[in-house]
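Please look over the sequence and the model before reading the points below.

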Amino acid sequence: MRNGRGATTVSAWSARARPGMGVSVPLDWSELPALRGSDHWHVRNIAERLPIGNRPWNGYARSARSLTPAMKLLGYPS
């Protein structure tokens, strides 16, 4: 749903602007099965999540990969 025209997203720790939507928080893949939905954390309970902080994203920068090889494969000029 995030790839469609006009789709928007928010940065981590931002409250989403639409009614019924929660606060965007960093997640680890292993946490997904326990979530009840995108409103799992909201402005009334976000303090429970703050001690975990950005820990789920530890190592994120080390996983970065260049798009250059894929772009060359697809014929994009360098």
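The model is predicted. It contains 2 salt bridges, and a search of the whole structure returns 1 aromatic pair.

**Salt bridge between Glu31 and Arg49**

- Glu31 and Arg49 form a salt bridge in which the closest N and O atoms are 2.5 Å apart.
- Arg49 counts as buried because its relative accessibility is 2%, where the cut-off for buried is under 20%.
- Arg49 also takes part in a contact with an aromatic residue: its charged end sits over the ring of Trp41, at 4.6 Å from the ring centre.

**Salt bridge between Asp39 and Arg36**

- The side chains of Asp39 and Arg36 are joined by a salt bridge, with an N to O distance of 4.0 Å.
- Asp39 has a relative accessibility of 29%, so it is classed as partly exposed.
- Arg36, with a relative accessible area of 56%, is exposed, since the class begins at values over 50%.
- As background, side chains of opposite charge can pair when their charged atoms come close.

**His40**

- His40 belongs to the segment before helix 1, and that helix spans 68–73.
- His40 is buried because its relative accessibility of 19% falls under the 20% cut-off.
- The His40 side chain reaches the backbone nitrogen of Arg36 at a distance of 3.4 Å.
- With neighbours within four places in sequence set aside, His40 is in contact with Ala34, Leu35 and Asn45.

**Ser11**

- Ser11 is likewise located in the segment before helix 1.
- A relative accessible area of 48% makes Ser11 partly exposed, because that class lies between 20% and 50%.
- A polar contact of 3.0 Å connects the side chain of Ser11 to the side chain of Ser14.
- Ser11 and Ser24 are separated by 13 residues in sequence, and their C-alpha atoms are 6.9 Å apart in space.

**Aromatic rings**

- The count of aromatic pairs for the whole structure is 1.
- The ring of Trp41 has the charged end of Arg49 over it, and Arg49 is the residue that forms a salt bridge with Glu31.

Definitions and conventions. Residues numbered from 1 in each chain as written. Predicted model: local features only at pLDDT ≥ 70, side-chain atom pairs only at ≥ 80, totals over all residues. Heavy atoms only, no water. Helix = DSSP H or I, 4+ residues; strand = E, 2+ residues; numbered from the N terminus. Buried < 20%, exposed > 50% of the residue type's maximum accessible area, 1.4 Å probe, protein only. Polar contact = N/O pair within 3.5 Å; in protein donor to acceptor, adjacent residues only side chain to side chain. Contact = heavy atoms within 4.5 Å. Phe/Tyr/Trp six-rings, centres within 6.5 Å; stacked < 30°, edge-to-face > 60°. Lys NZ or Arg CZ within 6 Å of the ring centre and 35° of its normal.
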